[in-house]
Amino acid sequence: MEKSGTMGWVAGHLESIPEWMADIIEKDSLDMAPNGVPMQPPPPPKTRKELLELFDKHVAKARKALAGASDPQLLKQWSFLNNGQVLFSMPRIACLRTWVMNHVIHHRAQLGVYLRLNNIPVPAIYGPSADEGKM
């Protein structure tokens, strides 16, 4: 049984997560199945170039949203729904830490394992990696 997404899926998921920051800051909620119709994930990027361009676009959107956010706005409740039913609500700042930052950390680590297992150089994360020859 497959337990993890493919390396391409993880990379595509990492590309999209920064956009969530803007959505959490700018919207009051997200419904994963509005009117009972599950949201469809965006199509995965077809090339490395497309993946990096989308990532850069989403990071720029996230940075702009965060730079424009006030403390009261970040403390305001944000809700995650499924077909109109609230699954949880928490302050936006907690959502950003949990569902954006921690989520990126988790999947970046997963991608690092995939890179290592496929003999692809692992980039620096918290300092130089063994693949950079600076350890």
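Biologist: What pattern does the chain follow, read along the sequence?

Modeller: This is a predicted model, where local features need pLDDT of at least 70, side-chain atom pairs count only at pLDDT 80 or more, and totals for chains, interfaces and linings use all residues. Residues are numbered from 1 along each chain as its sequence is written, and side-chain values use heavy atoms, with hydrogens and water left out. The chain has four helices and three strands; helices (H or I, at least four residues) and strands (E, at least two) are DSSP runs, numbered from the N terminus. Read along the sequence, the pattern is α-β-α-α-β-β-α.

Biologist: Are α1 and α2 roughly parallel or roughly antiparallel?

Modeller: Helix α1 covers residues 7-26 and helix α2 residues 48-67. They pack at about 20°, with axes 8 Å apart. Axes are lines fitted to C-alpha atoms, for helices over the stretch in contact, and angles run from 0 to 180 degrees between N-to-C directions. Under 35 degrees counts as roughly parallel, over 145 as roughly antiparallel, 65 to 115 as roughly perpendicular and the rest as oblique, so α1 and α2 are roughly parallel.

Biologist: And how is α1 oriented to α4, roughly parallel or roughly antiparallel?

Modeller: The axes of α1 and α4 lie 10 Å apart. Their packing angle is about 165°. That makes the pair roughly antiparallel.

Biologist: Is His103 buried or exposed?

Modeller: His103 sits in helix α4, residues 92-117. Buried means under 20% relative accessible area, exposed over 50%, and partly exposed in between (1.4 Å probe, protein chains only). His103 has 19%, so His103 is buried.

Biologist: What is the relative accessibility of Tyr114?

Modeller: Tyr114 is also placed in helix α4. Tyr114 counts as buried because its relative accessibility is 15%.

Biologist: How many salt bridges does the structure hold?

Modeller: Side chains of opposite charge can pair when their charged atoms come close. The test for a salt bridge is a side-chain nitrogen of Lys or Arg within 4 Å of a carboxyl oxygen of Asp or Glu. The structure holds six.

Biologist: How far apart are the closest N and O atoms of Lys49 and Glu53?

Modeller: Lys49 and Glu53 are four residues apart in helix α2, so about one helical turn separates them. Lys49 is exposed at 58%, while Glu53 is partly exposed at 44%. They form a salt bridge, and the closest N and O atoms are 2.6 Å apart.

Biologist: Which residue forms a salt bridge with Asp131?

Modeller: The closest N and O atoms of this pair are 2.8 Å apart, and the partner is Arg116. Asp131 lies in the segment after α4 and Arg116 in helix α4, so the bridge ties together parts that are 15 residues apart in sequence. Asp131 is partly exposed at 35%.

Biologist: Which residues do salt bridges with shared partners join into one network?

Modeller: Here the bridges share partners. The network joins Asp28, Lys76 and Arg92.

Biologist: Which residues make the nonpolar surface patch of about 230 Å²?

Modeller: Patches take residues with over 30% relative accessible area and no salt bridge, joining like charges within 9 Å and nonpolar side chains (Val, Leu, Ile, Met, Phe, Trp, Tyr) within 5 Å. Areas come from the Shrake-Rupley method with a 1.4 Å probe, and for residues only the protein chains shown count as cover. One member, Leu30, lies in strand β1, residues 29-31. The patch is made by Leu30, Met32 and Met39.
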